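Try each task yourself before you read the solution.

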Amino acid sequence: MTPSASGSVAQQFNRAHEFLTWLDGQGLTLKQVGQAEIDRWHAANPLHRQRSLRAFLTWARDTGRLPSRPTFPRLAITEGPRLTQHRRLELLRRVLDERAGPLRSRVAACLMLLFAQPASRIALLTTDDIIQDTDGQVLIHLGDPPTPVPEPFADLLLRARKQRTNMNTTNGDATWLFPGRRAGRPIHPYSLAELIRDIGIPGTAVRTFALRQLVLQALAPVIARALGLHDKTTTQVLTEAGGSWNRYAPSDR
């Protein structure tokens with residue numbers, strides 16, 4: 001099974017567990033679920049959670065585990081707001097606000113918005129990847145050389161290093177910047193991506209746009225080296241954006 005398929009299955013399992021827990025809180029079992037309960041759950045949950053639960057509800061309906069054959073609400077196809085540089089900066093300002101959500105969610109979102117990092121790489125960052133030099137400049141080791149981190153995100157990143165979650169006794173020696181619930185393991189990328197979505201940041205879209213902006217401002221191979229990305233990725237993004245930096249080779253600088 002591919003990582004993508006595995007992640008999809010994990011999300012479906014989590015949504016099914018949440019739905020059954022919600023039913024239990026209502027004093028209901030799956031055999032007592034009707035159209036009203038289906039509609040009420042959908043109305044109280046965001047679109048990505050509705051999509052993940054659909055497979056379980058379809059299975060329960062088709063195997064007779066639901067007492068009736070309820071109609072599932074149509075899942076709207078939404079493209080979200082068109083991303084522009086102005087919109088990207090607006091999202092950055094939002095996640096830097098203390099009221100935007102949990103610290104780790106905001107830090108992960110900033111890493112996407114600023115450095116176009118995918119959830120799979122953010123999840124593998126360690127506390128050692130955050131560096132503070134003798135002049136007080138904060139850098140993050142995404143590629144080579146480490147990338148300077150601008151304020152006020154630098155302060156947020158240092159706070160995240162000090163205030164990590166899931167640091168129980170079995171995780172005491174772990175250096176993951178985003179520890180997972182399993183001892184000694186980082187957070188799963190799909191769980192991290194969900195945390196980012198839960199604070200209103202469309203992860204895939206902002207990462208793609210952030211990378212596009214970065215390669216339009218500097219040499220694509222240099223951006224690839226600094227952010228730890230493959231140079232073919234940045235060159236392809238640049239070509240799609242209509243840039244011409246891909247004609248230049250990276251220098252040692």
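What follows is a set of exercises on a predicted model, each with a worked solution.

**Exercise 1. Helix against helix**

Work out how helix H5 and helix H7 are oriented where their axes come within 10 Å.

Solution. Start with the two elements: H5 covers residues 103–115 and H7 covers residues 153–162. Next, take the crossing angle, which is roughly 135°. Last, get the handedness: the crossing of H5 and H7 is left-handed.

**Exercise 2. What sits between them**

Find out which residues of H5 and H7 meet, and which classes they belong to.

Solution. Go through H5 and pick out Leu-103, Arg-106, Val-107, Cys-110, Leu-111, Leu-114 and Phe-115. Their partners in H7 are Phe-153, Leu-156, Leu-157, Arg-159 and Ala-160. Now sort the contact by class: you get 10 nonpolar and 2 charged residues, with no polar ones.

**Exercise 3. An arginine in H5**

Decide whether Arg-106 is buried or exposed, and list what it touches.

Solution. First place the residue: Arg-106 lies in helix H5. Then look at its relative accessible area, which is 1%. The cut-off for buried is under 20%, so Arg-106 counts as buried. Now skip residues up to four places away in sequence and see what is left. Arg-106 touches Val-95, Leu-96, Asp-97, Glu-98, Ala-100 and Gly-101, plus Leu-156 and Ile-199. Of these, Leu-156 is one of the H7 residues from Exercise 2.

**Exercise 4. Ring pairs**

Search the whole structure for aromatic pairs and describe two of them.

Solution. The search turns up 4 pairs. A ring pair is described by the distance of the centres and the angle of the planes.

- Take Phe-19 and Trp-41: 5.9 Å centre to centre, with 85° between the planes, makes this pair edge-to-face. Phe-19 sits in helix H1 (residues 3–25) and Trp-41 in helix H2 (residues 35–43), so the pair ties together parts that are 22 residues apart in sequence. Both Phe-19 and Trp-41 are buried.
- Then take Phe-56 and Trp-59: 5.8 Å centre to centre and 35° between the planes gives a tilted pair. Both belong to helix H3 (residues 47–62), and being 3 residues apart there, they are separated by about one helical turn. Phe-56 is buried at 14% relative accessible area, while Trp-59 is partly exposed at 41%.

To finish, follow the ring pairs along: they link Phe-19, Trp-22, Trp-41, Phe-56 and Trp-59 into a cluster.

Technical notes
Residues numbered from 1 in each chain as written. Predicted model: local features only at pLDDT ≥ 70, side-chain atom pairs only at ≥ 80, totals over all residues. Heavy atoms only, no water. Axes fitted to C-alpha atoms, helices over the stretch in contact; angles between N-to-C directions. Helix = DSSP H or I, 4+ residues; strand = E, 2+ residues; numbered from the N terminus. Left-handed = near helix turned anticlockwise from the far one by under 90°. Contact = heavy atoms within 4.5 Å. Nonpolar A, V, L, I, M, F, W, Y, C, P; charged D, E, K, R; others polar. Phe/Tyr/Trp six-rings, centres within 6.5 Å; stacked < 30°, edge-to-face > 60°. Buried < 20%, exposed > 50% of the residue type's maximum accessible area, 1.4 Å probe, protein only.
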